[in-house]
Amino acid sequence: MEESAPCHEALPCGDGPWIDAGGRKMRRDDDYLREIMLKLEASDNWLHQYRLIEKFPGRFANAREFYHMRCLIDAGMLEVQGAGQLVRMTNSGHDFCAAI
């Protein structure tokens with residue numbers, strides 16, 4: 001199995017190891033992080049779904065998105081709301097989007 005690259009110090013990725021749908025260790029993808037942030041900022045909603053969707057036992061349909069949203073939460077760009085299944089973009093998240 002391929003070894004995972006360590007998370008960048010400025011953007012920790014939370015507890016691990018995270019496993020993708022193919023059984024490989026998850027790697028942080030900076031382009032995907034930007035894509036998520038821009039998608040959330042363009043949305044008319046200020047709260048966004050944040051939960052794992054199980055496709056098969058132990059395999060999740062959205063593990064990559066969930067993992068990367070967790071990275072954004074760890075970095076302070078998103079904040080968990082309510083019972084933990086929703087997130088909102090923080091001021092730092094909006095600043096990040098404005099800078100890219």
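Q: Let's begin with one side chain. Which residues does His68 touch, leaving aside those up to four places away in sequence?
A: In this predicted model, His68 touches Arg27, Arg28, Asp29, Tyr32, Leu33 and Ile36, not counting residues up to four places away in sequence.

Q: Where is His68 found, and is this residue buried or exposed?
A: His68 is found in helix H2. A residue counts as buried under 20% relative accessible area. His68 has 1%, so this residue is buried.

Q: What lies 2.8 Å from a polar atom of the His68 side chain?
A: That is the backbone oxygen of Arg64.

Q: Now the sheet. How do strands pair?
A: In general, strands of a sheet pair through backbone hydrogen bonds, either parallel or antiparallel. Here, three strands form an open sheet in the order E1-E5-E4, and the pairing is antiparallel. Strand E1 (48–49) and strand E4 (78–81) are the edge strands, each pairing on one side only. Two bridges join E1 to strand E5 (residues 86–89), and His48 has Val87 in E5 as its bridge partner.

Q: Which strands does helix H2 lie across?
A: Helix H2 (residues 63–74) lies across E1, E4 and E5, and runs at about 105° to E4.

Q: Where is confidence lowest and where highest among the helices and strands?
A: Where pLDDT is low, the predicted coordinates should not be read in detail. This protein averages a pLDDT of 78, with 74% of the residues scoring at least 70. Strand E3 (residues 59–60) is lowest, at a mean of 71, and helix H3 (residues 91–99) is highest, at 95. Over residues 1–12 the pLDDT is below 50, although this stretch has 21 contacts in the model beyond near neighbours in sequence.

Technical notes: Residues are numbered from 1 along each chain as its sequence is written. This is a predicted model: local features need pLDDT of at least 70, side-chain atom pairs count only at pLDDT 80 or more; totals for chains, interfaces and linings use all residues. Side-chain values use heavy atoms; hydrogens and water are left out. Two strands pair if DSSP finds at least two bridges between them. Helices (H or I, at least four residues) and strands (E, at least two) are DSSP runs, numbered from the N terminus. Contact means heavy atoms within 4.5 Å. Axes are lines fitted to C-alpha atoms, for helices over the stretch in contact, and angles run from 0 to 180 degrees between N-to-C directions. pLDDT is the predictor's confidence in each residue, from 0 to 100. Buried means under 20% relative accessible area, exposed over 50%, partly exposed in between (1.4 Å probe, protein chains only). A polar contact is a pair of N or O atoms within 3.5 Å; within protein, one must be able to donate a hydrogen and the other to accept it, and residues adjacent in sequence count only if both atoms are side-chain atoms.
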